[in-house]
Amino acid sequence: GGLMAFMFVMAVCFLMRPRSIVPWRMFSMIGAMMFILAVTGISIDINGGKDRTISFSQVVENVSSILGSSKATGLDATKEWRKNWWNDIIGYTVHGPYFWGGKGFGINLADDDGYQVEADASLRSPHSIHFSMLARGGVPMAFLWALLLFTWGFGIAWGHLTAKRRGELRWASVFLFIGCYWAAFLINASFDVFLEGPMGGIWFWTVYGVGIACLYLYKNQPRALQY
């Protein structure tokens, strides 16, 4: 999830400013770091011996697991584990008895669905905020969640395009920055338990609120960024 979020933001930066030196410098730095990792074979354990390291092979496996299957059994196992759990959630909500109300926001879904992988039962939600909403609130909650995301995203996109068309580049840049920040959070939250905790949830909703404030200011005080 983190890798996909980073790749998305980098792609947006490049597409918006393909002639700028900044994204090319980033690509050069990433290429240089990958070359150093490949040549030196450095491997730094970052997950307490759970087969996750900072190394050239780990990056290759991560990219491979996104595009298809990976030779790393751990990555493919977690992918299949997620897919199986998400399919079960669709089964008992969209096609099952929890269509309207879900299982509720107090229950430990990992325990109840049979996908608990932590000895202390600390895992509570599926590794996707979207499926968490679906499982806990049913199809109506998933619909409201999608509507909430679409409305905000549409507003920020409108603000960016309108400001760009009017030549108000400062506002256009602000909306683009906020939109990319929000999208990166959302991409990561689509594959991990991220927004359910304070480290992701607080900042995601902060960006959400800042986006609404910027839309209000742009509509009522468009000259605010001229000073």
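Reply: A residue counts as buried under 20% relative accessible area, as exposed over 50%, and as partly exposed in between, with a 1.4 Å probe and protein chains only. Helices are DSSP runs of H or I with at least four residues, strands are runs of E with at least two, and both are numbered from the N terminus. This is a predicted model, where local features need pLDDT of at least 70, side-chain atom pairs count only at pLDDT 80 or more, and totals for chains, interfaces and linings use all residues. Residues are numbered from 1 along each chain as its sequence is written, and side-chain values use heavy atoms, with hydrogens and water left out.

The chain has 8 helices and 2 strands. Their order along the sequence is α-α-β-β-α-α-α-α-α-α. Of its 227 residues, 33% are buried.

Now helix H8, residues 198-220. The expected span of a helix is 1.5 Å times one less than its number of residues.

Which residues of H8 are buried? They are Gly200, Gly201, Phe204, Val207, Tyr208, Gly211, Cys214, Leu215 and Tyr218. The spacing has a simple background. An α-helix has 3.6 residues a turn, so residues three or four places apart point the same way.

What covers them? The cover includes helix H6 (129-165) and helix H7 (169-189).

Take H7 against H8. Two packed helices are described by the angle between their axes and the distance between the axes. Axes are lines fitted to C-alpha atoms, for helices over the stretch in contact, and angles run from 0 to 180 degrees between N-to-C directions. The axes of H7 and H8 come within 10 Å and cross at roughly 155°. Angles under 35 degrees count as roughly parallel, over 145 as roughly antiparallel, 65 to 115 as roughly perpendicular and the rest as oblique. H7 and H8 are therefore roughly antiparallel. Their crossing is left-handed, meaning that the near helix is turned anticlockwise from the far one by less than a right angle.

Contact means heavy atoms within 4.5 Å. From H7, the contact with H8 takes Trp171, Val174, Phe175, Ile178, Tyr181, Trp182, Phe185 and Leu186. From H8 come Trp203, Phe204, Val207, Tyr208, Val210, Gly211, Cys214, Leu215, Leu217 and Tyr218. By class, this contact has 17 nonpolar, 1 polar and no charged residues. Here Ala, Val, Leu, Ile, Met, Phe, Trp, Tyr, Cys and Pro count as nonpolar, Asp, Glu, Lys and Arg as charged, and the others, Gly among them, as polar.

Residues of H6 in the contact include Trp145, Leu149, Trp152, Gly153 and Ile156. Among their partners in H7 are Trp171, Phe175, Ile178 and Trp182. The contact of H6 with H7 divides into 14 nonpolar, 5 polar and 1 charged.

Last, the loop between H5 and H6, which holds alanine 121. Alanine 121 has a positive phi of about 60° although it is not a glycine. At 30% relative accessibility, alanine 121 is partly exposed.
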